[in-house]
Amino acid sequence: MVSTQKFARQFSSNDDAVEKAKSLIASNDVVIFSKSTCPFCAKVKNLFQNEMKLDKPPAIFEINKEAGGPAIQSALQSISGQRTVPNIFIHSKHIGGCDDTMQLYQSGELLKLVGHRET
Ligand SMILES: N[C@@H](CCC(=O)N[C@@H](CS)C(=O)NCC(=O)O)C(=O)O
């Protein structure tokens, strides 16, 4: 299933981009900030889209495909301390990149994080 989404605008300042990135993170269960050219991103997208059989597809933002992408990448660095892609968030928690995600998947923790909801 193709679930790539767009943030659809440019940003007037770094604060503006940070606010937008925070709202994308808060309004989706699983968020993957990706670049369409990145092999680590492809691996993580395949995991969430095909291998994990989630009820709801992840929200994927291809930040190299949008004018506001570089601003979002800088915003993600401010928010998470991580500049590289993929950059993954689950229920607003920062997970990390491809290696971190794969490690959590192997340990069984990733499925728990996706399924877990605070009440
Ligand atoms: N070890 C990292 C590798 C991620 C990585 O090197 N990503 C590259 C793209 S393939 C990156 O973000 N480079 C900097 C950039 O594109 O701005 C992971 O597991 O996520």
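A residue counts as buried here if 20 or more other C-beta atoms lie within 10 Å of its own. Keep that in mind as you look at this predicted model: buried residues make up 30% of the 119 residues in the chain.

**The whole chain**
- You'll find 5 helices and 5 strands in the chain.
- The C-alpha trace spans about 40 × 35 × 25 Å along its principal axes.
- How does the radius of gyration fit a compact globule? For 119 residues such a globule would come out near 14 Å, and the chain has 13 Å, so the two agree.
- Take the contacts in the chain with a separation of 6 or more: 69% of them come from residues 24 or more positions apart.

- Helix α1 covers residues 14-26 and helix α3 covers residues 69-80; they pack at an angle of about 75°, and their axes are 8 Å apart.
- Angles of 65 to 115 degrees count as roughly perpendicular, so α1 is roughly perpendicular to α3.
- On the α1 side, the residues that meet α3 are N14, A17, V18, A21 and K22.
- On the α3 side, they are A71, I72, S74, A75, L76, S78 and I79.
- Sorted by class, this contact of α1 with α3 has 8 nonpolar, 3 polar and 1 charged residues.

**A closer look at V44**
- V44 is found in helix α2.
- Is V44 buried or exposed? It has 27 C-beta neighbours inside 10 Å, and the cut-off for buried is 20 or more, so V44 counts as buried.
- Which residues does V44 touch, leaving aside its neighbours within four places in sequence? V44 is in contact with I32, P86, I88, C98 and T101.
- V44 and D99 are 55 residues apart in sequence, and their C-alpha atoms are 9.2 Å apart in space.

**Around the ligand**
- The residues around the ligand are K35, C38, P39, F40, T84, V85, P86, G97, C98 and D99.
- Which elements give two or more residues to this shell? They are α2 (39-51) and α4 (98-106).
- By class, the shell has 6 nonpolar, 2 polar and 2 charged residues.
- Some names come back from the V44 part: P86 and C98 are among the contacts of V44, and P86 and C98 also belong to the residues around the ligand.

Terms used
Residues are numbered from 1 along each chain as its sequence is written. This is a predicted model: local features need pLDDT of at least 70, side-chain atom pairs count only at pLDDT 80 or more; totals for chains, interfaces and linings use all residues. A residue is near a molecule or strand if its C-beta atom, placed from the backbone, lies within 6 Å of it. Helices (H or I, at least four residues) and strands (E, at least two) are DSSP runs, numbered from the N terminus. Ala, Val, Leu, Ile, Met, Phe, Trp, Tyr, Cys and Pro count as nonpolar, Asp, Glu, Lys and Arg as charged, and the others, Gly among them, as polar. The radius of gyration is taken over C-alpha atoms; the globule rule is 2.2 Å times the number of residues to the power 0.38. A residue is buried if 20 or more other C-beta atoms lie within 10 Å of its own, exposed if 12 or fewer, and partly exposed in between; C-beta atoms are placed from the backbone. Two residues are in contact if their C-beta atoms, placed from the backbone, lie within 7 Å. Axes are lines fitted to C-alpha atoms, for helices over the stretch in contact, and angles run from 0 to 180 degrees between N-to-C directions. Angles under 35 degrees count as roughly parallel, over 145 as roughly antiparallel, 65 to 115 as roughly perpendicular and the rest as oblique.
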